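Here's a quick briefing to read with the model open beside you. It goes through a couple of residues and then some helix packing.

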Amino acid sequence: MVTGQRGRPRSFDRDAALDKAMTAFWERGYEATSISDLTASLGISAPSLYAAFGDKRTLFEEVVAVYACRYGDFAGVALAEEPTARAAVERVLREAAEIYTDPAHPRGCMVLSAAINTTSDEVAQALRERRNAGLEMFESRIRADVATGELPADTDARALARYAGAVVAGMSQQSRDGASREELEAVAERALLAWPPARPVRNSA
């Protein structure tokens, strides 16, 4: 008599699995997160992981897309909604201080921290392209303010965009090193002191 039977596989919650994989990559980075780490986090076997997501790199690409939609779009929203580049960057830095230190998830920016010590050229290039796209958004917004006269005509838009990006990246690393939200907000305040002065408001009289 057959005593065992092959039951139907348990239901697989793909979104929940992606959340767990995101936490693993966010905490450890791409390189340091092994397949065994992922299977332990997701509670599935390696064959099941490969069947559901393909290889590690493909899973990471899905995780980055989820992260970008859920946590990484605050800069683009600020640049689109705020009336000036300075106001947008101020909002970005203050929101970064909040998001990067939120105890509900790992600290810092996953797109920045996951790239550390990555030996995969494909992963490194994909993350680099995302970071460069963010710098291009900053630069485009700054150039728009130069064109309208909000910023001085001699403003180096590329350098200013890279400065903003460097501050954001530094805040991410500082948060992972234990900096508090209040400390990062103080960094944001100091960083804005280097912003070029806006054009003076002329009296209509």
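Thr155 sits in the loop between H8 and H9, with helices and strands taken as DSSP runs (H or I, at least four residues, for helices; E, at least two, for strands) numbered from the N terminus. Keep in mind that this is a predicted model, where local features need pLDDT of at least 70, side-chain atom pairs count only at pLDDT 80 or more, and totals for chains, interfaces and linings use all residues. Residues are numbered from 1 along each chain as its sequence is written, and side-chain values use heavy atoms, with hydrogens and water left out.

**Two buried residues**

- Thr155 counts as buried at 15% relative accessibility; buried means under 20% relative accessible area, exposed over 50%, and partly exposed in between (1.4 Å probe, protein chains only).
- Not counting residues up to four places away in sequence, Thr155 touches Ile142, Val146, Leu160 and Pro196, where contact means heavy atoms within 4.5 Å.
- Met171 belongs to helix H9 (residues 157-176) and is buried too, with a relative accessible area of 1%.
- Leaving aside neighbours within four places in sequence, Met171 is in contact with Leu93, Ala96, Ala97, Tyr100, Leu184 and Val187.
- From Met171 to Gly29 it's 142 residues in sequence and 17 Å in space, C-alpha to C-alpha.

**H6 against H10**

- Helix H6 (residues 85-100) packs on helix H10 (residues 181-191) at about 165°, with the axes 8 Å apart; axes are lines fitted to C-alpha atoms, for helices over the stretch in contact, and angles run from 0 to 180 degrees between N-to-C directions.
- H6 and H10 are therefore roughly antiparallel (under 35 degrees is roughly parallel, over 145 roughly antiparallel, 65 to 115 roughly perpendicular, the rest oblique).
- On the H6 side you'll find Leu93, Arg94, Ala97 and Glu98, meeting Arg181, Leu184, Glu185, Ala188, Glu189 and Ala191 of H10.
- That contact of H6 with H10 splits into five nonpolar, no polar and five charged residues; Ala, Val, Leu, Ile, Met, Phe, Trp, Tyr, Cys and Pro count as nonpolar, Asp, Glu, Lys and Arg as charged, and the others, Gly among them, as polar.

**H4 against H8**

- Helix H4 (residues 56-70) and helix H8 (residues 121-148) pack at about 15°, with their axes 11 Å apart.
- The H4 and H8 pair is therefore roughly parallel.
- Arg57, Phe60, Val64, Ala65 and Ala68 of H4 meet Glu122, Val123, Leu127 and Arg130 of H8.
- Sorted by type, the residues in the contact of H4 with H8 are six nonpolar, no polar and three charged.
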